[in-house]
Structure formats: structure tokens, C-alpha cells
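This briefing goes through one model by topic.

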Amino acid sequence: MFNKFPSRDEVLAVVTLIMVIGSLSLAILDEKSRPQFLDLTKFAVGTYVGMLIPRSRANENNINNR
């Protein structure tokens with residue numbers, strides 16, 4: 001029935017989406033903690049974008065040679 005497992009990118013996208021929606025919802029409800037929730041949202045989106053950027057081959061060679 002379900003032979004295909006979700007890829008790492010799909011799981012990361014779903015977790016990031018849940019985190020962003022949850023943080024923004026809490027920011028709307030709790031005005032005192034709004035800056036912290038917005039910082040958490042920025043961190044989640046930044047982490048997601050950073051995970052999507054592929055590593056260059058030169059970077060991998062430098063890391064392996066150490």
C-alpha cells in the first residue's frame with residue numbers, strides 16, 4: 001500500500017511548515033511574547049533554506065582532507 005517513504009526534504013518541509021504556522025498562531029494569541037515567536041519563525045525558515053542549499057564539491061574536499 002505505502003511502499004515509498006517520504007524523503008528527507010519532504011519531512012523537513014512538513015516540520016518547518018508546522019513550526020511556522022504554530023509560531024505565528026502563538027504570536028497572534030500572545031502579544032507579550034510576539035517577538036520571541038517571530039524570532040523562532042525566522043530561525044525555522046532560515047534553517048529550512050540553509051538545508052536546501054547544496055554543498056559545493058570544493059567544500060567537501062576541504063573537509064575530507066583535514
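**Helices, packing and surface**

L40 is placed in helix α2, which covers residues 34–52; helices (H or I, at least four residues) are DSSP runs, numbered from the N terminus. This is a predicted model, in which local features need pLDDT of at least 70 and side-chain atom pairs count only at pLDDT 80 or more, while totals for chains, interfaces and linings use all residues. Residues are numbered from 1 along each chain as its sequence is written, and side-chain values use heavy atoms, with hydrogens and water left out.

**Helix α1**

- Helix α1 runs over residues 8–29, and its 22 residues reach 32 Å from the first C-alpha to the last, close to the 32 Å expected at 1.5 Å a residue. The expected span is 1.5 Å times one less than the number of residues in the helix.
- T16, V20, S23 and A27 are the buried residues of α1. Seen down the axis of α1, these buried residues fall within an arc of 75°, so they line one face of the helix; the arc is that of the directions from the helix axis to the C-beta atoms.
- L17, I18, I28 and L29 are exposed on the other side of α1. Buried means under 20% relative accessible area, exposed over 50%, and partly exposed in between (1.4 Å probe, protein chains only).

**Helix α2**

- The 19 residues of α2 should span 27 Å at 1.5 Å a residue, and the distance of 27 Å between its end C-alpha atoms agrees with this.
- In α2 the buried residues are F37, T41 and A44. They fall within an arc of 60° when seen down the axis of α2, so they line one face of the helix.
- Q36, K42 and F43 are exposed on the other side of α2.

**Packing between the helices**

- The buried residues of α1 pack against α2, and the buried residues of α2 pack against α1. Contact here means heavy atoms within 4.5 Å.
- T16, in helix α1, counts as buried because its relative accessibility is 10%. Apart from neighbours within four places in sequence, T16 is in contact with A44 and Y48.
- S23 also belongs to helix α1 and counts as buried because its relative accessibility is 4%. With residues up to four places away in sequence not counted, S23 touches F37, L40 and T41.

**Salt bridge**

- Side chains of opposite charge can pair when their charged atoms come close. A salt bridge is a side-chain nitrogen of Lys or Arg within 4 Å of a carboxyl oxygen of Asp or Glu, and by this rule the count is one.
- The side chains of D39 and K42 form a salt bridge, at 3.3 Å from N to O. Both residues lie in helix α2, three residues apart, about one turn of the helix.
- D39 counts as partly exposed because its relative accessibility is 44%, and K42 counts as exposed because its value is 56%.

**Nonpolar patch**

- M19, L40 and F43 form a nonpolar patch on the surface, with about 270 Å² of accessible area together. Accessible areas come from the Shrake-Rupley method with a 1.4 Å probe, and for residues only the protein chains shown count as cover.
- Patches are made of residues with over 30% relative accessible area and no salt bridge, with like charges joined within 9 Å and nonpolar side chains (Val, Leu, Ile, Met, Phe, Trp, Tyr) within 5 Å.
- L40 is partly exposed, at a relative accessible area of 34%.

Methods
Helix = DSSP H or I, 4+ residues; strand = E, 2+ residues; numbered from the N terminus.
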